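Subject: Structure handover

Hi,

Here is the structure for you to look over. My notes follow below it.

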Amino acid sequence: MAQAAALRIGYLVHNLNDAAVERRCRMFAIGGATMRVAGFCRDDTICDALTARGALSLGASRDAALVARATATLREAILHRRLKAFFRDCDVIVARNLEQLGIARAIVGDRPLVYECLDIHRSLVGQGMGSRLVRAVEGALLPRCDLLITSSPAFLRNHFDHRPLKAQALLVENKLLPDAGEMPVPVARPAPAAPYVVGWFGMLRCKRTLAFLQQLVRRGAGRIEVLIAGKPSPAEFPDFEGDVAATPGMTYVGPYSYSDLPELYGRCDFAWSIDWFEEGLNSKWLLPNRLYEAIAFGTIPIALAEVEVGHWLERHAAGLIVADGEAAAQRLLDLAPAELAAMREAIARIDRAEVICGEAECRDLVRTIAGLPAR
């Protein structure tokens, strides 16, 4: 296998415009690898960062269109000549999610195959015929994997530990990956006082969260405001901007980039880290980007006690941990400024290495991949 410093990674992804894809590319690069990136795209154009990396588009895909994506995946797996040529000089193939793993299996040959799984889709855990079929596909692909990269220990406990995976599992949390020389610092805030601002950032796909936050703002009667940023799912929100605009005290500022994070989190006292989308399944197990981002910039995450985010915060004795949505509403509505000040101090005590990815972690990731043997 190639030495880590010369490792050439073929990276096959589900959405070239997913910010997490570019973050992983940066991790590979910081770790000493070069890469070729290919995948589908859920927008009309590819973002500048992936365009600069010479990414190959395999066509358009849509959020929540599982059947259409499966069809495109099958087509690419069968008619894979251009992709095989694109990755010809790569030492290893890394496939980001199950659909891409199916394509990667068709082109990997005897090279190591890495499966990057950061979500467990609901189709993998249901009891219907469709779920059984998807699990059968996964079961056929997993034994060929040489390494699993995942972002939460709950994915291992609740899913992969019960599947035919023989490969090593590597936990790579969704920590903040700062630009060189731009280490994030907690944002200076005024003394705690109402109105308290709750930030909801990232992939916006949970209709229950939007309805809850709208009701919270109304109940607060000026004591609670909500700031929203990110990309709403068209499949879940046909008129997201209109829905938000109809609620005074709630503001949507659109999509954002990494450089916007200090300003966005600096405007918030709390970060909404409860996700009822696919409730009880993936949303219960994941450790999302917003957990690490919020803490890095000194904002207090709100999480349910029974989910993995709540467990993470409990281990670090920080955050606003609640039993359910109503408990979260009551805590926020009744919160005294002194309590908010104590929560800020608890966030500040968390070791920065727990939420920020350093160069050593990037090198370890690439070194682990480089050490995989060919078949």
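A salt bridge here is a side-chain nitrogen of Lys or Arg within 4 Å of a carboxyl oxygen of Asp or Glu. By that rule the structure holds 17 salt bridges. This is a predicted model, in which local features need pLDDT of at least 70, side-chain atom pairs count only at pLDDT 80 or more, and totals for chains, interfaces and linings use all residues. Residues are numbered from 1 along each chain as its sequence is written, and side-chain values use heavy atoms, with hydrogens and water left out.

**Salt bridges**

Start with Glu116. Arg24 forms a salt bridge with Glu116, the closest N and O atoms being 2.5 Å apart. Arg24 sits in helix α1 (residues 19-30) and Glu116 in strand β5 (residues 113-117), 92 residues apart. Helices (H or I, at least four residues) and strands (E, at least two) are DSSP runs, numbered from the N terminus. Arg24 and Glu116 are both buried. Buried means under 20% relative accessible area, exposed over 50%, and partly exposed in between (1.4 Å probe, protein chains only).

Glu116 also forms a salt bridge with Arg96, with closest N and O atoms 3.2 Å apart. Arg96 lies in strand β4 (residues 92-96) and Glu116 in β5, so this pair ties together parts that are 20 residues apart in sequence. Arg96 is buried, as is Glu116.

Arg219 and Glu326 make another salt bridge, at 3.1 Å between the closest N and O atoms. It links helix α8 (residues 207-220), which holds Arg219, to helix α14 (residues 325-334), which holds Glu326, 107 residues apart. Arg219 is partly exposed at 29% relative accessibility. Glu326 is partly exposed too, at 40%. Back at Glu116, shared partners join Arg24, Arg96 and Glu116 into one network of salt bridges.

**The two domains**

The domain assignment gives domain 1 (8-175 + 357-371) and domain 2 (196-354). These bounds come from an automatic or database domain assignment. The contact takes 21 residues from domain 1 and 18 residues from domain 2, where contact means heavy atoms within 4.5 Å. The C-alpha centres of the two domains lie 28 Å apart.

Domain 1 and domain 2 bury about 1,600 Å² between them, 48% of it on carbon and sulfur atoms. That buried area is the accessible area (1.4 Å probe) that two parts lose on being put together, summed over both.

How many salt bridges cross the interface of domain 1 and domain 2? The rule finds one. Glu308 pairs with Arg157 in a salt bridge, the closest N and O atoms being 2.7 Å apart. Helix α7 (residues 153-158) gives the largest share of the domain 1 side that touches domain 2, five residues.

**His159**

His159 is in the loop between α7 and β7 (168-171). Is His159 buried or exposed? It is buried, with a relative accessible area of 4%. Leaving aside neighbours within four places in sequence, His159 is in contact with Ile120, Leu124, Val125, Glu138 and Ala154.

**Helix α5**

Helix α5 (residues 98-107) is mostly covered, with seven of its 10 residues buried. Among them are Leu98, Leu101 and Ile107. After α5 comes Gly109, whose phi is positive, near 65°.

Best wishes
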